[in-house]
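Good morning. I will go through one structure today, and I will keep to what can be read from its atoms.

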Amino acid sequence: MAEALLQVEDLKKYFPIRRGVFQRTVGHVRAVDGISFTVQKGETLGVVGESGCGKSTMGRSILRLIEPTSGVVNFEGRNIVRLRKGQMQAMRRQMQLVFQDPYASLNPRFSIAQTLMEPMIIHNLYGSREERLDRVRRLLERVGLDADYARRYPHEFSGGQRQRIGIARALAVDPKLIILDEPVAALDVSVQSQVLNLLEDLQEELGLTYIFIAHDLSVVRHISDRILVLYLGRMMELVEAEELFADPLHPYTQALLSAVPVPDPDAKRERIILQGDLPSPANPPSGCPFHTRCPVAKPVCRERAPQWKEIKPKHYVACHAYA
Amino acid sequence: MGNILEVENLNIQFRLDEKYYTAVQDVSFSIREGETLGLVGESGCGKSVTSLSIMRLLQPPTQISGQIRYQGKNLLDLPEKQMRSIRGNEISMIFQEPMTSLNPVHRIGTQISESLILHKDLSGKQARQETIRLLQSVGIPRPEQIVDEFPHQLSGGMRQRVMIAIAMACKPQLLIADEPTTALDVTIQAQILDLMRKVARENRTSILLITHDLGVVAEMCDRVAVMYAGRIVEEGPVRQIFRNPQHPYTQGLLASLPKVDGPRTRLQPIEGNVPSLKNMPQGCRFAPRCRRAMDVCRQRDADFHLVEDAHRVRCWLHAE
Amino acid sequence: MSVFWKKGAAVAASVGTLALVLAGCGASSSNNTTGTSNTSSTGTNTAAGKPVEGGQVTLDMIQNIRDLDPALEFDTASNEIVSQMYDQLVTWKNGTTDIVPMAAEKYSISKDGLTYTFHLRKNMKFWNGDPVTAQSFIDEFYRVLSPNMGSGGQGFYEIIQGADQYAAGKTDKISGLSAPDPYTLVIKLSKPEAFFLQALTLPFASAVDKKFIESVGNHQVYKKNPTFDSTQAMGSGPFELQTINSNQIVLKKNPNYWRTDSYGQKLPYLSKITFNINNNDQVDALHFQQGQTAWIGWNFGGDGIPSSAYPQFMSNPNLKKLTVSAVQNSVQYVGLNTKLGPTKNKLVRQAIEYAIDKQAIIKLNNGRGKVANQPLPPGVVGYDNNLSPQAQYTYDPNKAKQLLKQAGYPHGLTIDMYSENSPDQVKFDQAVQGQLAKVGIKVKLHTSSWGTFLNVAEAGKAPMFWLAWIQDFPDASDFLNTLFNSSQAPVNNCTNYSNPQVDKWLNQAQYSDDQNERNQLYAKVTDQVMEDAAWVPIYYDVFTAAVQPWVHGFYIPKAGTDPLATIWIDKSHQKG
Amino acid sequence: MAAMQFETPPAPAEAAPPAKPFTRKFWKSVRDFPMLYLGALIIVLLILAAVLAPVISPHNPTTQFSDGLTESGIPVGPSAKFPLGADNLGRDILSRVLYGAQVSLLVGVISTVINLVLGVLVGTVAGYFGGWVDNVLMRVTDVILAFPLLLFAMALVAVLGPSLWNVLFAIGVLGWGTMARVVRGQVLAVKEFEYVQAERALGASNTRIMFRVILPNIIGPVIVLSTLNVGQNILVEAGLSFLGIGIQPPTPSWGNMIEAGMQTYQVAPWTLWFPGLALVIAVLGFNLLGDGLRDILDPRNTQH
Amino acid sequence: MYAYILRRLFSAVIVLFGISVVTFLLIYAIPADPARMIAGPKAPESVVLTIRHQLGLDQPLPLQYIHYVWRLLHGDLGTSYTYNLPVATMIVQRLWPTAELALGCWLAELIIGIPLGIYTARHARRLGDYIVSALALIGISLPLFWLGLLLLYWLAYQVPIFPLGGFGGLRYLILPSLTYGITGAAYYTRLLKSSMLEVMQQDYVRTARAKGAGESRVTFRHVVRNALIPVVTFAGIDFSYLLTGVVLVEATFNWNGFGSLAYTAIQNLDVPVIMGTVLLVAVAVVLFNLIVDILYSVIDPRIRYS
């Protein structure tokens, strides 16, 4: 775990808010507001946060499915933000995305074989149709599905099976990095664990690197090496998974962890119930974005955004409490 | 402490493609006054259908049999008019999607006071005052303004508070909450669960909490019934179920959950998929996925067996 | 033109274009005659005693009025209204084709036929009180002949001395027009013309109030607001314009009109006439049956009882007895272009003459029509009763085929036929198409709106076409000279017919004042033209009107327009 | 538990019941969607009438029979020789109605194809690219939609001259607005689906995404709309012909037959009845088929 | 909300610009020479040239367009070739009869269509629904002019209850309205039905039932109110087309309105009138769309406040 596969520096994605007769831009939704991190080869970086924290936008900006407003995304040392359209399309072979909704992410008009061959056709892999079909069969088996399913259509599968197909599609081009955007959120508990296990196995076997985006803390903890906590498009905390849960430093992380219901009736935990709603990313609070709900907010939090600092070894936090 | 609701041998069948399929089979449970009962299970297990059948809100073509006794009256036999006077008054309900459960064209106040007007015979002015009070009691800031706003102006959490206000408007005996926090963020979920506990305590309202989230069950419920493929497979006090699950399904469910504490170990999933309505297995419906399934499981379904006091399980392993 | 039930060719032709295509019908008769019966009536309109003054009638028109300026209007509908509002020097004696004085109390023509002197009445006034003088007529001649007006009447009056120079914009004075005193008008012609007086009955030669016209805005070809010709009028005639819009025109009685009837009663009798513009002639028929309208027929943009209602009128005895019919001085014909397409070949033209079954077409028109054998209708002096054998054709498909073979088309040929796209016309077209198909001629139809059709036909570019000609006034020259003189090609002579001998006869007849000589010349022309087969005359229109029994003084005029001034109503006194 | 164990092979979502014979499936489908099949039947009959018109017509549609008119020129009523009576020129109405099917189908189908091509192209491009492309294309569509089809087609046909091909062209070129709007809406919806983003994530080109991924997924509504459109366009053609600026005589079209019938309907009402009836049945056929297709394509009505 | 309306206005102006270009180009598409049309076929070429110059037809195309728009903005739509009346005046005279007819037709559609829509939605998949739906389908398939003629034949000719066409009082309005109502109501019925069925599936309807609201309260207060939103949109656009697109009704019932004016003009290739009518139609459609959008924002609070 030495080599950095992906290096994100000060990534920003602002969506313009247009108003008025001429649709002038009157402001921006700061969906992603200055995110930097590095992902090592073979690592899983978990990204957590509540809705509107920009985690999905971040994932898509890294892949340039949404053009980032600014920032650098170095993939194996190449800044892919600068790549031209054609180069970028070729680059997509290296980095794939698995979606949340297993019902919406498969083209209902494509058979499974077509779905899985599509990436091969686009990138002109495996010369003949037979070779491609052969590859499809192997892929299906790899994700734990019967090779005969190739002829079927998505509606004939259950959610878990579809998610496996989605993963197989991502694998079809032999990517190095897979961004998993809430891959198990739509699945039932019993199936969710199947998919998580599959992901772990694939990572081990193929040496994949994951960015795992989720809102479910227990799932993220389970699969991640390190975890990045986002709030309103900004980074709050970044640290190894075990440590985040053992010793959360940021008040937001602490509140988040305490709010997770634990399937243990005897668990006695001190619950921090945050007041109020999430502020709108279109109009984020000044200073530290969390200060409006923070139980330990100080006047300075309102004025200045806290620095991103390494408080403990490899434990980064943005909070004035640790200034 | 009597039972406020007794469901007995509830069977619900849906018509699909000119055939009837059993979505809920032989479901029985009861809720005591002031108690919170959790009905837990994966999607498609029939838990929402059960809750809707209590309110008699299932749309045809469905067939319902069995008994749903509310304070001794079988709701299934009640004329529609009497049923209406129970809905929203004595039994009320909140739903999963706060974003779509409110009528977009009516003001918040109108929607809350509708219950009051329907059941409490309040004048418009009284209803408005009561509405503002309700909004306040569910923790909505600026209730005097919010009362005249439209749902789309509120956040999801706020809308769920409004839904709770609607449900609690007539101080019901029983509140049915169908996945009330599934669509919400964790921090908001904590707020809403907190609120539900508070209002239920204040009004001595019993809760039937329908959820797939075992964590929520552990936090909220006194007792829990676990459903699988249209049947209750295990039922008992929360602590016993979590400490000492008896049904292989309950066990598997708990084992497949990633934990927020303790060492990270490999998850142990339940194999296979939840069966679909049209392809229900013979015998015990969990048998095809059960690692401990025996021949008998694949032929006949088990009856309930008492494990401990008030802890029942439907499994052949406990037949003796 | 009507929106829907566009009538057949008769209307088509009557919504004419220029000078010569004017609908003809009766004229308001000169003084002192009440609506006495006339030859064509069937007795429904015999005056019963003394006319009753007052009352109003409603009539349906099927098309809008295009123009109210007497110098500009040139279609039947406008003509009908305009002639009620303006006075001319002379007019038709009612029910006849005799000229009688009108605004001119008397007139005289010099021996050489070149000088016409008119003595005007002294008590005539425009509605606004301005006196009508000789200058009022001279003003109108200047307007009609002006190079800037584009008046359709030019051609009728270029015979006036100096008029052609003026019309060409070379002088600003017409030497042939003078007024020695306010009530004497002298017109000098450059050549004698037998029918010049007839041309003076046209509304083009009305008295106009120049002062008024200039005050409201004279029409100078294209103006933003040409109110005078579209919404305003100032005449001296029996009826004044009350309102005009695209739905309705209302005329009210001119209380100061100078004419009186034989009882000394002032004309007109009716106090108000409402014309509803109603472009569904089936509805017109119904309105009549319901008694809402006083009559249907005449020239109001229609041609009598509409085709669609005609069978019903004829089969219902109560309705039938209210009808009046007369053969019109008009002819429906199929023109065969002598300079274009396969019809260049005379044999082909003759074959077509034999191939058309005129009787069948008249049947399609529910029997309304009289088989035509020459361009002149029988009611016009000069009608040739003794056609030469070469000028006569009977329906004979075999003969037609034989002629075609002779012409070099043993296997048939294709001809393009142009016409207006009105329902009746399209019906006739299809009949012709079917009949010609039987002899091996494939007819390709090109139907279009009246204007578009005329643009083709009057450019001489239609190999075959269906048109109709209705008299401007009952003189043979109005048919034969206009339609067959090579100098009239292609605008009126759409077949491009050109025969120097015929031209010579026509010119001779045009300027002769010997009626016998003229008749002989015209007979020769008719024979030659028919032998050359430039036209297939199909039928002479039979015009049928229906008149309420309480309407008195109605008759079908033989020339000019309808004499509304002498019609009166008496509901207590019904005929029939 | 073995790490490499996965879900048991699922029973396919709907386990194929023992293969039903095709005919049984067909009749079941007829029972489920009777409208669809009635519509299809009507259209098949219509096509047969159009194609076989030369064979099955009792007479030539343009032949004028002298015994088709009475002595006073009134069309004769239904009889052995003229099963549906004769028209104002003494022609056989039955034969003309049969030949009229040719015109209606030709105009209805070809103009719809033109609508379809233009509408799908504009709608897809506008919906997919969004932004100024969308703005420009949709304003153009607004302009097209602002002119009522019949009136605008009337003007255009008047300009071009009335003929079968001009009528068909005018309706085709002016009637694509609705299609473009619907397609755009569908594209906007489908574009948001994750499978479209997945395709982009795979590195597919815009053209590939538009035509290989999005288009097949909106084909349902497009087919439904097109089917209904055929009916509508047949009506527009009939309207134009009725107003006398459509199909020109002697070519029989139901519209110009109704127009002719209007001249005689008081004395010979059958001249009005039969061409109108044919028109209603034809349009009804396409409406039934379109509605039926909408039902069958609606996921709420399918058995899965 | 004002910004929303202003934005809609702005795009309406752009569409109007497009419409003016299209109508302007119509003159050039029409084969007849306007100057020749005014002068008449027999006028000398010199007169035609003079008219052409006076009309500005000898100027370059863009300049002519500017003049055209300039005149339009001053309410000058030109002068009819055929009737020599200002087109604006002719249109104004025809506007009221057409407005009356359109209103009658529109109300007939609403009165027939909306109750049937509610009925079919409430009785979905029952016999009543099937019967009404089948009738609706037939209604949609009926050619307006043919149905009109049949009604005229039966109810005005055979049994003379109504006038055989023409413009007048209420009696004249009934048959055309009925005809249009029968053929048009079905759109409302179907739209409202599907919209209501959709709304009935919504969570908030379930909420209303859960409150104990009765069926009619649920239907009218919760379902219909929401389901009417698309219907209102349709009704607005429908009316704008009606106001100007009743050519066939006017033709069938001999209604001397705007549609027959347009038709006559097309028949005569009376270019100024064609342009004027087509332009007015298009402008009306745009304006009504605008009104509907504004109305829409009043009905649906989600739009009002965004």
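This is a predicted model: local features need pLDDT of at least 70, side-chain atom pairs count only at pLDDT 80 or more; totals for chains, interfaces and linings use all residues.

We begin with chains A and B. In chain B, 43 residues are in contact with 43 residues of chain A. How much area is buried between chain B and chain A? The value is about 3,700 Å², and carbon and sulfur atoms give 51% of that. On the side of chain B, the residues that lose the most area to chain A are B:T187, B:V260 and B:R264, together 19% of what that side buries.

Which helix of chain B gives the most to the side that touches chain A? That is α7(B), with eight residues.

Next, chain C. Chain C has 19 helices and 19 strands. Of its 576 residues, 67% count as buried. Its accessible surface comes to about 18,400 Å², and 48% of that belongs to carbon and sulfur atoms.

Last, chain D. A nonpolar patch lies on the surface, and its members, among them D:L41, D:L45 and D:L48, have about 890 Å² of accessible area together. D:L45 sits in helix α2 of chain D, residues 34-56. Why does D:L45 count as partly exposed? Because its relative accessible area is 48%, and exposed would need over 50%.

Methods:
Residues are numbered from 1 along each chain as its sequence is written. Chains are lettered from A and ligands numbered from 1 in the order in which they are written. Side-chain values use heavy atoms; hydrogens and water are left out. Patches are made of residues with over 30% relative accessible area and no salt bridge: like charges are joined within 9 Å, nonpolar side chains (Val, Leu, Ile, Met, Phe, Trp, Tyr) within 5 Å. Accessible areas come from the Shrake-Rupley method with a 1.4 Å probe; for residues, only the protein chains shown count as cover. A salt bridge is a side-chain nitrogen of Lys or Arg within 4 Å of a carboxyl oxygen of Asp or Glu. Helices (H or I, at least four residues) and strands (E, at least two) are DSSP runs, numbered from the N terminus. Buried means under 20% relative accessible area, exposed over 50%, partly exposed in between (1.4 Å probe, protein chains only). Contact means heavy atoms within 4.5 Å. Buried area is the accessible area (1.4 Å probe) that two parts lose on being put together, summed over both.
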